[in-house]
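Reader: I am new to this one and would like to go through it slowly. Could you show it to me before I start asking?

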Amino acid sequence: MFSTGPAQGIRLLIAAVLATALMIADHKGQHVSFVRQAIGTALSPVVYLAQAPNAFFNWFSDVITERETLMRENKSLKDELFLQQTQVQKLVALEAENARLRNLLGAARKTRGKRLVAEIINVDFASAAQQVMINRGTEDGAFIGQAVLDAYGVLGQVVDVSQYTSRVLLLTDARHAIPVRIERTGFNAIVEGAGALNRLKLRYVPDNADVREGDLLVSSGLGQRFPDGYPVGQIDTIRRNTGESYADITVLTAARMEHSGEVMLLWPAEPWQPGEYGKDSAEQTEAKP
């Protein structure tokens, strides 16, 4: 119609008049409302389709933002959990150290002589010579033959000393021996190292002697090397072999060799001369059959 009708200005004027007439008719009597509703209904899918990319973009942006937020929160929680776990481990270690030091203090109260806490700085359980290195030496007054305890019992004795460190031969070393007493009966015997961690051998106990599994062995004080009354071990197994004069008895050490971190050096309560303990140490090592 407009391609072949009046001039462009006239067509614009006609359209304006027609639009004005429609607006007046709609305003006065809502005569074209059904037309507007029909057009709106017909164009609804188009509106939805036109808004779909924007809605999808907003949804996708929200998802990405939420995912990044969750990832940050997850990482923050993991870092906090790791920090808490490390702090718990430290508290557990401090609690264990505190318990060991309390036990060492309790052991120290049993003796009237000088005592000194030392730390184990190196261990050697794999080789035939079972021994540990501690951070005390001649600078601290350590000497060869000195008794060493951990928080649970007798650990061993010093066999080598330098200015700042000492080497301690453990009870479990096959070359070590210590006089003990069965706490239940008072029977005196000798315990030797079995060459294995936490294992000892109770020697020269007659086959008919009154010994039982679970009996506590304490240091007897004989030989004046180790103080009297400290736990050495507990009888684990007893085998009485027919035709043998002595029973085959294994003992578990009271000292916890693999868990000891702090140890205590003991000095004799009575005035002591270094040469006596060095001589005593050699005699006791050689006394083993």
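Reader: Which residue does lysine 201 form a salt bridge with, and how far apart are the closest N and O atoms?

Author: Lysine 201 pairs with aspartate 248, and their closest N and O atoms are 3.6 Å apart. A salt bridge here is a side-chain nitrogen of Lys or Arg within 4 Å of a carboxyl oxygen of Asp or Glu. Lysine 201 belongs to strand β8 (residues 199-203) and aspartate 248 to strand β11 (residues 248-253), so the pair ties together parts that are 47 residues apart in sequence. Helices (H or I, at least four residues) and strands (E, at least two) are DSSP runs, numbered from the N terminus.

Reader: Before going on, what kind of model is this, and what pLDDT do local features need?

Author: This is a predicted model, in which local features need pLDDT of at least 70 and side-chain atom pairs count only at pLDDT 80 or more, while totals for chains, interfaces and linings use all residues. Residues are numbered from 1 along each chain as its sequence is written, and side-chain values use heavy atoms, with hydrogens and water left out.

Reader: What is the mean pLDDT of the chain?

Author: The mean is 81, and 81% of the residues reach 70 or more, pLDDT being the predictor's confidence in each residue, from 0 to 100. Over residues 275-289 the pLDDT is below 50, and beyond near neighbours in sequence this stretch has 27 contacts in the model, where contact means heavy atoms within 4.5 Å. Where pLDDT is low, the predicted coordinates should not be read in detail.

Reader: How many salt bridges does the count come to?

Author: The count comes to twelve salt bridges. One of them joins the side chains of lysine 75 and aspartate 79, with 3.1 Å from N to O. These two residues are four apart in helix α2 (residues 33-108), which means that about one helical turn separates them. Lysine 75 is exposed at 52% relative accessible area, whereas aspartate 79 is partly exposed at 42%.

Reader: And which residue does arginine 212 pair with?

Author: Arginine 212 forms a salt bridge with aspartate 210, the closest N and O atoms being 3.9 Å apart. Through shared partners, salt bridges join Arg184, Asp210, Arg212 and Asp215 into one network. Arginine 212 is partly exposed at 48% relative accessibility, and aspartate 210 is partly exposed as well, at 44%.

Reader: Changing topic, how many helices and strands does the chain have?

Author: The chain has three helices and twelve strands, and buried residues make up 30% of its 289 residues.

Reader: How many residues are in the largest nonpolar core?

Author: The largest nonpolar core has 41 residues, and those with the most contacts inside it include Val154, Leu217 and Ile235. Strand β12 (residues 262-266) gives the largest share of this core, four residues. Such a core is a set of buried Ala, Val, Leu, Ile, Met, Phe, Trp, Tyr and Cys residues joined through side-chain atoms within 4.5 Å.

Author: Phe34, Val35, Ile39, Leu43, Val46 and Val47 form it, with about 530 Å² of accessible area together. Patches are made of residues with over 30% relative accessible area and no salt bridge, like charges being joined within 9 Å and nonpolar side chains (Val, Leu, Ile, Met, Phe, Trp, Tyr) within 5 Å. Accessible areas come from the Shrake-Rupley method with a 1.4 Å probe, and for residues only the protein chains shown count as cover. Phenylalanine 34 is found in helix α2 and is exposed at 56% relative accessibility.

Reader: One last thing, where does asparagine 198 lie?

Author: Asparagine 198 lies in the loop between β7 (188-193) and β8, and its phi is near 65°, a positive value in a residue other than glycine. Asparagine 198 counts as buried, at 16% relative accessibility. Tyrosine 204, in the loop between β8 and β9 (216-219), has a positive phi of about 60° although it is not a glycine, and this tyrosine is partly exposed at 38%.

Notes: Buried < 20%, exposed > 50% of the residue type's maximum accessible area, 1.4 Å probe, protein only.
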